[in-house]
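User: I'd like a close look at one part of this model, please. Could you walk me through a helix pair and then its surroundings?

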Amino acid sequence: MEEDIILRVERLHKSFGGVVAAYDISFDLRKGEFLGLIGPNGSGKTTLVNLITGFVRPDEGRVLFKSRDVTGMMPYGIAELGIARTFQMVRMFYNLPAYKNVIIPLCSTRVKRRRGGRLGERDDMAIELLDEYGFERDSMVPYKMANSLPHGYLKRLDLARAMALRPEVLLLDELFSGMSMSEVAATLPMLERLNKEGVSIIMVEHRLKELFRVANRVIVLNFGAKIAEGLPEEVMKTDKVKAAYLGSESTAEGVSPAEAGGAPGAGVEKRSDERMLEVRDLSVYYENALAINSLNLEVCRGEMVAVLGSNSGGKTTLMNTVSGLILDMQKKARRRGGERINVYGRIHFRGRDVTVMGPGERVRMGLVLCRERHPVFRDSSVLENLRIAGNSRKGREVKQLIESIFETFSHLRRLSKRRGGLLSGGEQQMLAIGMALMTSPALLLLDEPLLGLSPMLQQTVAGAMKNISKRGMTLLVAEQFARPLLPVIDRGYVIENGILVLSGTRDELEGDPEVRASYLGV
Amino acid sequence: MGKTQEEVRKERLDRGIKVRSDSVYAIASLRDMAYLLSPRIIPVVAVFVLPLVLGGYWTKVMVYAAVYGLLALSWDFLASCGLFSLGQALFFGMGAYLVGIMNHYFGWPVVVTLPAATLCGGVLCTLLLAPVIRLRGVYFAMVTLVIPMLFSRLIVATKLFGGSHGLTNLTPFGGEWFSTYFILISLFVCLFALRRIIGEDYGLVLRAIRDDDRAVMSAAINIFWRKIQALFLSACIGCFAGAFMCHHYQFTGPSAFALDYSLMPLAATALGGPGTFVGAVIGSAILVPLSEALRAFGGLRIAFYCVILIGSIIVLPEGVFHFIARKYHQFERDVEV
């Protein structure tokens, strides 16, 4: 029985400046097992992956790989033994073509020992490997620069890079986050196949439905401690897990629910006919590729409008164009000789043509963007982060704004002294939205605010957006997760490959068979 | 900028000949061969012919430019694996003093001192900097900035190796012509060798380390060992430049550790275009003669020099080389929408 165990974690303990990220965690991974690792945002899942792979040193406890103590070894030493990983926030070599990214692990001594990699051969090996992970050999995709690939491809590229080591244990840190449903559907069989071939897998994931299809066993973490372990269906039935993970506790864990805060009628009367934002015949080209094709879109005062679409559909480009960031990118591209960007069409904001206006001026007019995975200041506390974001406001105003943000995100109030870098992914997302709110915008643009959040947090962040909207703010949200978002919006647009394919009110969208199939997974 | 209602848009396309000649199999004609080879051969030939045309003074300037070119190459190679150094003077001075000691005290001939100083210097500099190789960004830069200053002060204060007077009467390098062509050939050998190395899988790993060292670690590659290798190679090039210069001037002094040797390579690389090595050489070939030509301005020389440097970096932030390469490989045209 002992020989079956390939990886053993013994009483791991780790705290960062008083924040306990791992508390007395022990478990075994058997050969050929597929272990799911779940838990709310900030429960210490990524820390556990970092502890096992040597990126973070534990305060106490040991990690044993095939009965060998690997605690305290450097990450490359551990990878050399055969423990590979992917990263939650993709870390690719962006200045290299996709297939060159895979060549890096092929240069390691582990791979060299296995098959004496001769010159030139590695290119072929890389192309072949990528072909298995959906980068068709005969297309241009493997040769494209990594920084021009859409998110879903980068995630699979990360997986391919990990698999290039031929590892015995594979740790996947939220591989599916940011992937569209079809991308997940395409990736799942790959993982199943790897597992059948004998790779033991630990998978950190928020998309439970998909995870439970492949996992043999599940471990649930909360506040750094293991609270449950067992078969997927059984684990989800325990009260502790339900309480930590699946709802009802939204008041305790995340954001105040939609009912709290602005009671109906407290804010401005909704849906006036005044047009806040009007986008006419917008087309955006990157170099010679079309990112957005003659798009028309409008947002009225007080509305909450969603732009739904799968990855690389043009959502982020739209947000960057509306916020004016694209002008900066254009300028930079012109000076550095990068990809040339061309924008056609008109954007009107509060009755003024802002098409050629710089992003800074648009912010002063009240048009504020919270970018996809918006960075927070890692070395400043939550409170300082909010103060920095509100530095153009007067002292009293800042206090009021912060107070109202803490009302919306009650979780942040408790963390107000914690450094931004120590926040979990979900907490950072809330802080980023809070920082955008500090400029008290007239129209708030949110780009993928639900990316990388657990289902429960997605619900609560969506609820918070509803609250903000109830207070009279106008919101335009770009998202690929329609399920938590649809109930709270007024209207929505669906774009695919830069083309507007559908628009309508919430009920129209919910009733549309196409939307149900591709975004709600019904 | 920002004119969005234009009826035409600029399109940037690779020249057909570039697309064809990128793939080895497609080189069919002499024209394709010429397209590929002429930007490499013509400058090399031009540089070799120049000393025959130029007078003695400007030939000396060329030697000087070549030495700075080597230092700039050494800087650029180190930067290509994410180590930003402000202390190329350490390599230069180390090479110079090793040659000085070997030649002055032991009387070894140039044939021995030059390679010995290059290799020993490489080892010594690597040993000196290895402990700080884990530091990233500004910390590594700070340490490299300080070490050459430390050496120059030590030598002056302890009067070691001739103190502030330095070591004089070293063996000359050989004839004027010989040393000119020797350093020019060395420069081109280094340039093409480094370009080759960085294009191979070995260099690929170094570039990946600069992009994201954590991701490289997760690919089972010992990044510290790789960085030490790069450091050694870079130090060898720098020491070689110092060793040559020392024999060329028949003198070594604390000025070999001067700040000039740290900053000039950096400025040259920034001007020429970092990350390509060719840019480093082009930058030196512009800056060194420029600073000589400005001697006519007397005291204001450095001021003019700085203004030109700042101006050119603002106008061409990508570097001269990238700009030329783009113009050579691509053309632009207006397209009706």
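User: At what angle do helix H11 and helix H12 of chain B pack, and how far apart are their axes?

Analyst: Happy to take you through it. This is a predicted model, in which local features need pLDDT of at least 70 and side-chain atom pairs count only at pLDDT 80 or more, while totals for chains, interfaces and linings use all residues. Residues are numbered from 1 along each chain as its sequence is written, chains are lettered from A and ligands numbered from 1 in the order in which they are written, and side-chain values use heavy atoms, with hydrogens and water left out.

Helix H11 (residues 260-272) and helix H12 (residues 278-293) of chain B pack at an angle of about 110°, and their axes are 7 Å apart. Axes here are lines fitted to C-alpha atoms, for helices over the stretch in contact, and angles run from 0 to 180 degrees between N-to-C directions. Helices (H or I, at least four residues) and strands (E, at least two) are DSSP runs, numbered from the N terminus. H11(B) passes H12(B) in a right-handed crossing, a term for the near helix being turned clockwise from the far one by less than a right angle, with anticlockwise giving left-handed.

On the H11(B) side, the contact (heavy atoms within 4.5 Å) is made by Met264(B), Ala267(B), Ala268(B), Thr269(B), Leu271(B) and Gly272(B). H12(B) brings Gly279(B), Ala280(B), Gly283(B), Ser284(B), Ile286(B), Leu287(B) and Val288(B). By class, these residues divide into eight nonpolar, five polar and no charged. Ala, Val, Leu, Ile, Met, Phe, Trp, Tyr, Cys and Pro count as nonpolar, Asp, Glu, Lys and Arg as charged, and the others, Gly among them, as polar.

Ala280(B) also leads us on to Leu73(B), whose contacts beyond four places in sequence are Leu187(B), Cys190(B), Leu191(B), Leu194(B), Phe277(B), Ala280(B) and Val281(B). Leu73(B) and Leu170(A) touch the most other members of the largest nonpolar core, which has 146 residues. Such a core is a set of buried Ala, Val, Leu, Ile, Met, Phe, Trp, Tyr and Cys residues joined through side-chain atoms within 4.5 Å; buried means under 20% relative accessible area, exposed over 50% and partly exposed in between (1.4 Å probe, protein chains only).

The axes of H3(B) and helix H4 (residues 88-105) of chain B come within 10 Å and cross at roughly 130°, so H3(B) and H4(B) are oblique to each other. H3(B) passes H4(B) in a right-handed crossing. Val67(B), Leu71(B), Ser74(B), Trp75(B) and Leu78(B) of H3(B) meet Gln88(B), Phe91(B) and Phe92(B) of H4(B), a contact with six nonpolar, two polar and no charged residues.

In H8(B), which spans residues 201-211, the buried residues are Asp201(B), Gly203(B), Leu204(B), Val205(B), Leu206(B), Ala208(B) and Ile209(B).

Methods
Angles under 35 degrees count as roughly parallel, over 145 as roughly antiparallel, 65 to 115 as roughly perpendicular and the rest as oblique.
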